[in-house]
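Let's take a walk through a protein model together, one step at a time. Have the sequence and the 3D view ready.

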Amino acid sequence: MTGKLFDVPRRALAGLCALLALAGVIMLSAMADSTMQPLPASAPDGEFSAERALRHLERFATEPRPIGSRAGEKARDYLTGQLRAAGLDVRVQRAIGANTSAGLASFGQVHNIVATAKGSDPTGALVIAAHYDSAAMGPGASDDAAAVAAMLETVRALKGTALRNDLVLLMSDGEEDGVLGAEAFVREHPLGRKGGVLLNWEARGVSGPSLMFQTSRNNAGLVETFADAVPHPRGDSTLGELYRLLPNNTDFTPMAGSGFTGMNFAYIEGSSRYHTADDSLAHLDRGSLQHHGSNMLALTRALGGADLGALAADHDLTYFRIFGTMVTYPNALVWPLAGLAAAAVAGLAVLARRRRLLSVPRLAVAAGSAVVPLLLAAALAQGLWEVLVAWRPAYDGMGGLLHRPQAFQAAVVVLAALALLCWYLPLRRLLGPAALSVGALAWPAALGLLCAQVAPGMSYVLTLPALFCALGGTAAILLRGAAPQVTAPQMAAPRMAARHAAVFQVTSVTLGAVVAAVLLPALARTAFDGMGLALGGVPALVLAVFGLTLLPIVELCLPERRQSLVPLAAAGLAVLLVPIGLARDGFDPANPLRTHLAYVMDAGTRTASWVSADAEPPAWTRRYVSGHDTTPLPPGYARGTSLWTGRAPAAPGAAEPRVTVLGRDGDTVRLRVTAGRAARSVTLRVERPIAAATAAADGMTPVSVDVTGVRANTWPGEIRFRGLPATGAEISLRVPGADRFRLTAVAETDGLQRVPGFVPRPKGVVAATREDGDLVAVTRTYEIGAR
């Protein structure tokens, strides 16, 4: 029993036609998920115009605006002026924001812009949020100035509209340093403690459609509003499940954690420019700005006039798009659909067994072994990334988010196909095509059941392909049974009927694979955009699952003889794509190279060093670093084991930190910390683990946090205070069991221009995203003793 699900005349032509049809489906799906065309400034007053929003960006988003910077202050003045001119009540919340991670307590002086408009008959508050600070490495035109400008344009478009609900515009500060502004808003501001419906807007790239990628729990009412109100909805419930896998958060995180319900939006394409100098107006996709703003305006009108209490639900929705149409259903259907898919695959297996196309033992081996191409595809994709980093070490600093990754992405697709062929061809004769095709569907069906338990919003992307492919295979077998047996003496009419039956068989299998072609390549594409090639195993795994659903069509396309040439050709193509990708993705002024460089000086000894964390520093960086000797670095400064260093001249007039011990009570030490007039931030590195920290500054409520874990590859405890006031701050830290310990204070000033002999980066080279890049760091080490 080693038969095929079906066989047809001119099988290669039939298989090619089926693959071309599915390729067309994939292309149509991609086109349906594109972004919007930007509207000009002449657009009607009630519509959102990207060109009008762009005028705001030109006023405040042309230089970096990190927390505590002069540029951030200038942006704040412009934004508050525009909001007041629009008739809103505008207040600036000054507070200390706080966040923690392993071994680290982060604090920052934030200035949140909070603008309000009273509703005519409010049922609650609608909060629109975005952050106006940027990463220190770039102007943040997309992250997140585009959303802030969209808020201003939305307010303009709403002029004359009386919203039922209270409207709150939150332009937060300090998001890039650990969502500090949003944390302070929900902890201290009355509107933050009151809660409401939140629409948060972000960017993790410079282009692409505005995706609704995260919701609060029990999202049924919100998702239905999104699907009905937004003219071009993009996003699906899979994104929320994938987002949980990434080490990222946004202002949505603390606000949802404090009781807000809502939705989170971002565009994520062009992510190689994320957090760099190229996140600029020149690279901002105007269509992405338009999509952000059109969605924002539509949802503000819909939710601003809705009964917000009626949005409350006790369940989530699964939601996704097929050919431009948003499909939603309650998560109560997730398990029934997953069970139906498993039953459909089981039914296909029973039917194939009755038609003597397979045996139960062969089916069991086929199903069990189908995990091999999944694991192999992921391993090959990760191996490809290791090869690329070894060949071009600069890729490592980009985190897999490359400028022009298309050839490498194509290589991942080919490697997934290679993994599939390396499993399928050796077992084809032993087990039979039918057993392999049916057994392969067990995996998307089983993974759909697993997702129904652990990630319900993602189950559909596996369940529906398994269900429809099983139905398509079942129809093909039934049509095969219905086809007349044709012999040479028979007339032409029966032959024609047989041909029609063959056409219907191919059509049924192809139609069964359409849902897989709509859903799985789109998921792989999103994984490429969001995770990059450094996690290329994820899209490769998705593509391998897609390949498992196509096995009946793959069988049609295989040549009758010399089938071993097919995987050899795939391997050759994958190898060929690597040099093509390396040649195409070279660095140039339009697609710059990233490099990390920092300056560190011990204020006591006046010994200074250049430091780079690049794996292989480029020529410009090698002007400053030449080896790996970290002994001249101040105690506790070095983070990592392969830093490049070089001698540097002392920087006259650089801001210096000062730490004064105010008192000690057991394990808790109170310090007064200042960082000098020009410094924006201070970091305290402690040679012992810390368990808690408190920060206080003039005119702001003190904030305390617990700290667990230790910092990796450096001293175990660390405290940061971004946007440190000129008068300094009082820092208390608890260091369990340490009578005496060393503490290194680091005053941090943006920019390296003040260092004698510094030559700015040439065109085609930008600062890397490492947290201490392009900083002048001046240190002092203190011995903290028992009292």
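**Aromatic rings in the core**

Tyrosine 599 has a relative accessibility of 0%, so this residue counts as buried (buried means under 20% relative accessible area, exposed over 50%, partly exposed in between, with a 1.4 Å probe and protein chains only). Tryptophan 610 is buried as well, at 3%.

A quick note on the source: this is a predicted model, where local features need pLDDT of at least 70 and side-chain atom pairs count only at pLDDT 80 or more, while totals for chains, interfaces and linings use all residues. Residues are numbered from 1 along each chain as its sequence is written, and side-chain values use heavy atoms, with hydrogens and water left out.

Tyr599, Trp610, Trp620, Tyr624 and Phe758 form one aromatic cluster. Here, rings of Phe, Tyr and Trp (its six-membered ring) pair if their centres lie within 6.5 Å; planes under 30 degrees apart count as stacked, over 60 as edge-to-face and the rest as tilted. By this rule there are 16 aromatic pairs. In one of them, the ring centres of tryptophan 201 and phenylalanine 265 are 4.1 Å apart with planes at 10°, so this pair is stacked. Tryptophan 201 is buried, with a relative accessible area of 0%, and phenylalanine 265 is buried at 0% too.

Which ring lies under arginine 622? Arginine 622 lies over the face of tryptophan 644, 4.6 Å from the ring centre. For such a contact, NZ of Lys or CZ of Arg must be within 6 Å of the ring centre and within 35 degrees of the ring normal. Likewise, the charged end of arginine 685 sits over the ring of tyrosine 637, 5.3 Å from its centre.
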